[in-house]
Amino acid sequence: MADLIESNPESRNPQYYGGLQEYGRHLLGYSYQEDPSALEHFETSLRDPAFYLLYKKIVLFFQSYKARLQPYANNELVYPGNRSFDS
Amino acid sequence: MNSLTGFTVPANYSSYHHRVNPEQSLAYYTEDIGINALYFYYNLYYPFWLPEEQSYVIRATERRGERYYFLHQQLLARYYLERLSNDLGEIPYLDYEQPLVGYGYQPSLRYPNGEDFPVRPNYVRLSDYFYNYGHKFSSEGRYGYSYTLVQARERRIRDAIDAGFITTVRSPNFWTKQIFYKPF
């Protein structure tokens, strides 16, 4: 799921879901010429407040995804036979 | 309480003197060279466009989705704290229809050939632009349609999260559904 959003090569269907990062940066960069805006270079993208606007949405996708997963079962969280000692 | 030693770091950032919008009071944080270098080197070592067999850092593709989320969530959390300490409130929610919230950006930067970085004014309306600059209609030419593409892709991702299945590619003309989790 995270691979879909990030559109890395492990994404299952990149032409359907992918590219949110790249196109979002181009759109918010507001460059009507051919040179890339400040959002499209990685070393200047944190200066632009629109970076945080765009990534707030992406982080909210992840959080809504995690909110919809099943809660952990007890046997996934607890190792049987674990004891903690006071030294 | 012990007395605290204070340190002053002289900083000479490029847009410190601009007062375009209230966001500029955060310029001491956003223009910080260290954090920009962090993001740059992060994308250099764990690039999102490289598959596993071509990456040059060992285990660069392990859990890369989680790492992506973790990095951005931490960056946003720190930014949110800085905003709160400057009385600016929450990060506004991005709505593509309305004029973009009044946070223009004016990088006082320049390319080596003399051209300036593009400036975004406050309160712009985003839209498609339909000229192609002579690029072929592949990934380069499609940048003109960013407005509809970004909205469509966001909606697809949101649908995938809510419905619990994604459409995957089995062969070029046959896309199937694949259930990847059951919503709670």
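How are α2(B) and α3(B) oriented to each other, roughly parallel or roughly antiparallel?

## Two helices of chain B

Keep in mind that this is a predicted model. In chain B, helix α2 covers residues 33-45 and helix α3 covers residues 64-85. Their axes come within 13 Å and cross at roughly 170°. Angles over 145 degrees count as roughly antiparallel, and α2(B) and α3(B) are therefore roughly antiparallel to each other.

From α2(B) come Ile35(B), Tyr39(B) and Tyr42(B), which meet Arg67(B), Tyr68(B), Leu71(B), His72(B) and Leu75(B) of α3(B). By class, this contact of α2(B) with α3(B) has six nonpolar residues, one polar and one charged.

## Where chain A meets chain B

Now for the interface between the chains. On one side, 66 residues of chain A are in contact with 80 residues of chain B. About 7200 Å² is buried between chain A and chain B, and carbon and sulfur atoms give 66% of that area.

Four residue pairs, both members at pLDDT 80 or more, are in polar contact between chain A and chain B. On the chain A side, the elements giving two or more residues are α1 (2-6), α2 (14-17), α3 (20-29) and α4 (49-67). The largest share, 18 residues, comes from α4(A). Sorted by class, the side of chain A that touches chain B has 32 nonpolar, 19 polar and 15 charged residues.

## Salt bridges

Side chains of opposite charge can pair when their charged atoms come close. Over all chains, the structure holds four salt bridges, and two are found across the interface of chain A and chain B.

One salt bridge to look up joins the side chains of Glu90(B) and Lys56(A), at 3.9 Å from N to O. This pair crosses between chains: Glu90(B) lies in the loop between α3 and α4 (146-163) of chain B, while Lys56(A) is in helix α4 of chain A.

Key:
Residues are numbered from 1 along each chain as its sequence is written. Chains are lettered from A and ligands numbered from 1 in the order in which they are written. This is a predicted model: local features need pLDDT of at least 70, side-chain atom pairs count only at pLDDT 80 or more; totals for chains, interfaces and linings use all residues. Side-chain values use heavy atoms; hydrogens and water are left out. Contact means heavy atoms within 4.5 Å. Buried area is the accessible area (1.4 Å probe) that two parts lose on being put together, summed over both. A polar contact is a pair of N or O atoms within 3.5 Å; within protein, one must be able to donate a hydrogen and the other to accept it, and residues adjacent in sequence count only if both atoms are side-chain atoms. Helices (H or I, at least four residues) and strands (E, at least two) are DSSP runs, numbered from the N terminus. Ala, Val, Leu, Ile, Met, Phe, Trp, Tyr, Cys and Pro count as nonpolar, Asp, Glu, Lys and Arg as charged, and the others, Gly among them, as polar. Axes are lines fitted to C-alpha atoms, for helices over the stretch in contact, and angles run from 0 to 180 degrees between N-to-C directions. Angles under 35 degrees count as roughly parallel, over 145 as roughly antiparallel, 65 to 115 as roughly perpendicular and the rest as oblique.
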